[in-house]
Amino acid sequence: MSRMNAWLLDLGASCRAAVGTRELLHLIDAPATFELPCTPAYCRHVVFWQERMLPVMDITARLGELPQHAPFLAIVGYQRRRGEYPQFGALMLASPPQQVEVSDEQACRLPEERQGWDKLAISCFDYRGDAVPVLNLSRIFDAPAT
Amino acid sequence: MSAVMSGRLTLADQNQRATGAVLKIDLLDLLIQQGEIRTLESASDVDGSDPEQGSVGWISFAQQRWPVYCLSPQLEVLVSVPSARRTCVLLALEQGYIGVLCDDVTILKQVSGQLYELPVAMRRNDTPIHGVISYNQGIACVSDANRLAAHIGQQIQRS
């Protein structure tokens, strides 16, 4: 029996990545976001969700693409350390996520066409011929701005 | 001084109340402690002759003149002044004063509500923003006069 264990994320600019099924908490369509000055180009906006203010991360901009205006936001949760309270953030998406089943046999190298995945991904798997990085959310949201 | 407005942001500061002033700079609402504002002047009172590097002129206060800066909504130093910048706010620093041009200023008798720290991923070393509050169906960025002056100084040094 198949068991979906990952969300496939369309990050825009023909860029895809994945997170675990438990990490994606909520999808926001046409989100109201607010721009903050003096912030990095890849994380310029915040969104309010359940009385929290969350940073909105544009992964493709972090990989060198131009900043985008995404029609969807994925609210994600992660732990810095096992047992700690969860932290939250938002990822820009170009289209709604898709659930997929991934096994260890699909492990592969990170995509080589874009530099910087090694700082954002914890692993990578092959999905229908494409290398799909698995996002390291703690590293993405807890690293100070550059 | 209220901890909310002094730049020492902790969770314990949330929901405390203080008096603030919101400087409107185009789409940006910038919240400063009201006690850091010495005077509000018309932008037409700014003397544009022989400005310091990075400034747009001078404003007189306490028998001296102080540099006036014009900022973009991204808090970048501008050397040409948009027509909407009609007000000059004189901010008190640890040493001296600076003028900052803005579109208008709203005095808040009570700054209340949730204060949010800037998320780690958004914190650049040179940011003068140390928090965000909900304001007017949007947000206001919380700063203070000395951080803003340091941010302006860093930009001028780099240029």
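This is a predicted model: local features need pLDDT of at least 70, side-chain atom pairs count only at pLDDT 80 or more; totals for chains, interfaces and linings use all residues.
Two residues are in contact here if their C-beta atoms, placed from the backbone, lie within 7 Å. Residues 24 or more positions apart account for 49% of the contacts in chain A with a separation of 6 or more. Of the 146 residues of this chain, 38% count as buried.

What about its overall dimensions? The C-alpha trace of chain A spans about 45 × 35 × 30 Å along its principal axes. A compact globule with 146 residues would have a radius of gyration near 15 Å, and chain A agrees, because its own value is 15 Å.

Now to the elements. Chain A holds two helices and 11 strands, and from the N terminus they run β-β-β-β-β-β-α-β-β-β-β-β-α. Six strands of chain A form an open sheet with mixed pairing, in the order E3-E7-E8-E6-E5-E4. Strands E3 (24-29) and E4 (33-35) of chain A stand at the edges; each has a single partner strand, so one side of each is left without a neighbour in the sheet. On average, neighbouring strands of this sheet are turned by 35° against each other, direction ignored.

For a look inside the sheet, follow strand E7 (residues 72-78) of chain A, which runs antiparallel to strand E8 (residues 87-93) of chain A and is joined to it by seven bridges. Here you can find Tyr78(A) opposite Gln87(A) in E8(A).

Chain B comes next. It has two helices and 12 strands, in the order α-β-β-β-β-β-β-β-β-β-β-β-β-α from the N terminus on. Of the 159 residues of chain B, 40% count as buried. Among contacts in chain B between residues at least 6 apart in sequence, 54% join residues at least 24 apart.

Conventions:
Residues are numbered from 1 along each chain as its sequence is written. Chains are lettered from A and ligands numbered from 1 in the order in which they are written. Two strands pair if DSSP finds at least two bridges between them. Helices (H or I, at least four residues) and strands (E, at least two) are DSSP runs, numbered from the N terminus. Axes are lines fitted to C-alpha atoms, for helices over the stretch in contact, and angles run from 0 to 180 degrees between N-to-C directions. A residue is buried if 20 or more other C-beta atoms lie within 10 Å of its own, exposed if 12 or fewer, and partly exposed in between; C-beta atoms are placed from the backbone. The radius of gyration is taken over C-alpha atoms; the globule rule is 2.2 Å times the number of residues to the power 0.38.
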